[in-house]
Amino acid sequence: MKKFAVFLCLTIIMMVLPIKSFAIEKPSEYHIKSQAAVLIDAETGSILYNKNMNQKMYPASITKIMTALIALEQSELDNVLTTSHNAVYSLPFNTSHIALFEDEEITMEQALYALGIESANDAANVIAENVAGSVENFAYMMTEKAKMLGAVNTNFTNPHGLPDANHYTTAYDMALITAQAIKIPELTRFFSTNRYDMSPTNKRDIQRQFWNANDFVNGAKTCEGLVMSKTGWTEEAQHTLVTVCEREGVTLIAVVMSSEHKREKFEDTLTLLNYGFENFYATSVNADDITNYAPKVVKCPDGIETEINQDNILAENMDVVVPKGVTKDDLTYKFEDAEFNESHNHITINANLYYNQGEEEIWAGNQTLSVVLENASTVKSFDKILNILKRVFYIILIAVLWIIIFALVFIALKQIVILENYRRKRIKRRNR
């Protein structure tokens, strides 16, 4: 009877105690029909969902997000661009364009509206040539920028996304590129405007009217909190789509690639976004919470261990996106990669935050902490002394090795002389 009572009490306690692991039902592959997809938080980069997110694929016109990013970093909106023969006539006639003429003058702003609304390939070429001197140089700039952003599985050969065997990216890389792009205030309006009237130019005396064919932008499909969206399609790439939405202080980026049908990329995107906003939220972690978990002693690159005074840790409040039901108290902290600055008066430590989802540990965000060292001069002096001792030890070791070599040579020569003398004595004895 007593055993049964104990068992009953334990069962009740287990049912009442909170479980610090949160399981969320993710969209299945049946629901996400696109061959590759990813959903990330724009602020922290936290991955909320992925399907083949690192698989290299043709991006088609979502390439133009990077084109706009480079253009806005390298030029002003009122810059006048002049079209070349190559920019206009090197493109297949049946691809997207706004019928630019050779030597036509347009502003960067007009070119970007053409890029974002009409997905104009001729405008992309004009931007590339005027910013970098050639399409090839601009494509190199695009690829280098991608690498800087961590998009290491990306290579661009043109600014528009028309098929090329060496022009590829991944869903995750496009999410990283987009996360950087939306930090430029002017960029999103070019990918969220439904209609734009382009003024007459030196080669055309009537307006051009641009109308957006993106269902999220033109209102054919409702996407609550839309910040920007860019579609893409070629026969090789199939349908692609990048979409950014903001709701209740959380900004999410959804990328889908290689969708067989147009409707699928919109349906998959809505599924991802709704999943993200329904199951995750942003919570703030105070700087004090981070510093309280910081290690008391850290080991730096040269093997030097130094104590840390928590009052000297420079941290900031940070937002993380976590599953609903997870609080900041459920987060775990891991600290790594302590490094000295050049003057050895402070070190930096990476603080990584995690939460548990089922049996999986999920990364929620990170912050680089700066720690001022109270014993900076001592550490620096010790470091110098250690390096001097290493050099002295190396010199002594080399000297000892040479001494051993000379000793061995001397012994060998002496032995040869002894043997030679012995040989001569034997010869003399025989001659007698």
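**Strands, rings and helices**

Reply: Start with strand S1 (residues 36-41) and strand S9 (residues 250-259), which run antiparallel and are joined by six bridges. This is a predicted model.

Me: What makes S1 and S9 a pair?

Reply: Pairing takes at least two bridges. S1 and S9 have six, so they pair under that cut-off. Within this pairing, Leu-39 stands opposite Ala-254 in S9.

Me: Which sheet holds S1 and S9, and in what order do its strands run?

Reply: They belong to an open sheet of five strands, ordered S2-S1-S9-S8-S7, with antiparallel pairing.

Me: What makes strand S2 (47-51) and strand S7 (226-234) edge strands?

Reply: Each of the two, S2 and S7, pairs on one side only. Across this sheet, neighbouring strands are turned by 5 degrees against each other on average, direction ignored.

Me: Why is strand S14 (residues 318-323) called largely enclosed?

Reply: Count its buried residues. Five of the six in S14 are buried, so the rest of the structure largely encloses this strand. S14 also pairs with strand S10 (residues 280-285), in the antiparallel sense, over six bridges. There, Tyr-281 stands opposite Val-322 in S14.

Me: How many aromatic pairs does a search of the whole structure find?

Reply: Eight.

Me: How do you know whether Tyr-275 is buried or exposed? And Phe-280?

Reply: Buried means under 20% relative accessible area. Tyr-275 is at 5%, so it counts as buried. Phe-280 is at 5% too, so it is buried as well.

Me: Which residues form one aromatic cluster?

Reply: Tyr-113, Phe-190, Tyr-196 and Phe-210.

Me: Now the helices. At what angle do helix H2 (residues 64-74) and helix H5 (residues 121-132) cross?

Reply: At roughly 35 degrees, with the axes of H2 and H5 coming within 10 Å. The crossing of H2 past H5 is left-handed.

Me: What makes the contact between H2 and H5?

Reply: H2 brings Lys-64, Thr-67, Ala-71 and Gln-74; H5 brings Asn-121, Ile-127 and Val-131. By class, the residues of this H2 and H5 contact are three nonpolar, three polar and one charged.

How values were computed
Residues are numbered from 1 along each chain as its sequence is written. This is a predicted model: local features need pLDDT of at least 70, side-chain atom pairs count only at pLDDT 80 or more; totals for chains, interfaces and linings use all residues. Side-chain values use heavy atoms; hydrogens and water are left out. Axes are lines fitted to C-alpha atoms, for helices over the stretch in contact, and angles run from 0 to 180 degrees between N-to-C directions. Helices (H or I, at least four residues) and strands (E, at least two) are DSSP runs, numbered from the N terminus. A crossing is left-handed if the near helix is turned anticlockwise from the far one by less than a right angle, and right-handed if clockwise. Contact means heavy atoms within 4.5 Å. Ala, Val, Leu, Ile, Met, Phe, Trp, Tyr, Cys and Pro count as nonpolar, Asp, Glu, Lys and Arg as charged, and the others, Gly among them, as polar. Rings of Phe, Tyr and Trp (its six-membered ring) pair if their centres lie within 6.5 Å; planes under 30 degrees apart count as stacked, over 60 as edge-to-face and the rest as tilted. Buried means under 20% relative accessible area, exposed over 50%, partly exposed in between (1.4 Å probe, protein chains only).
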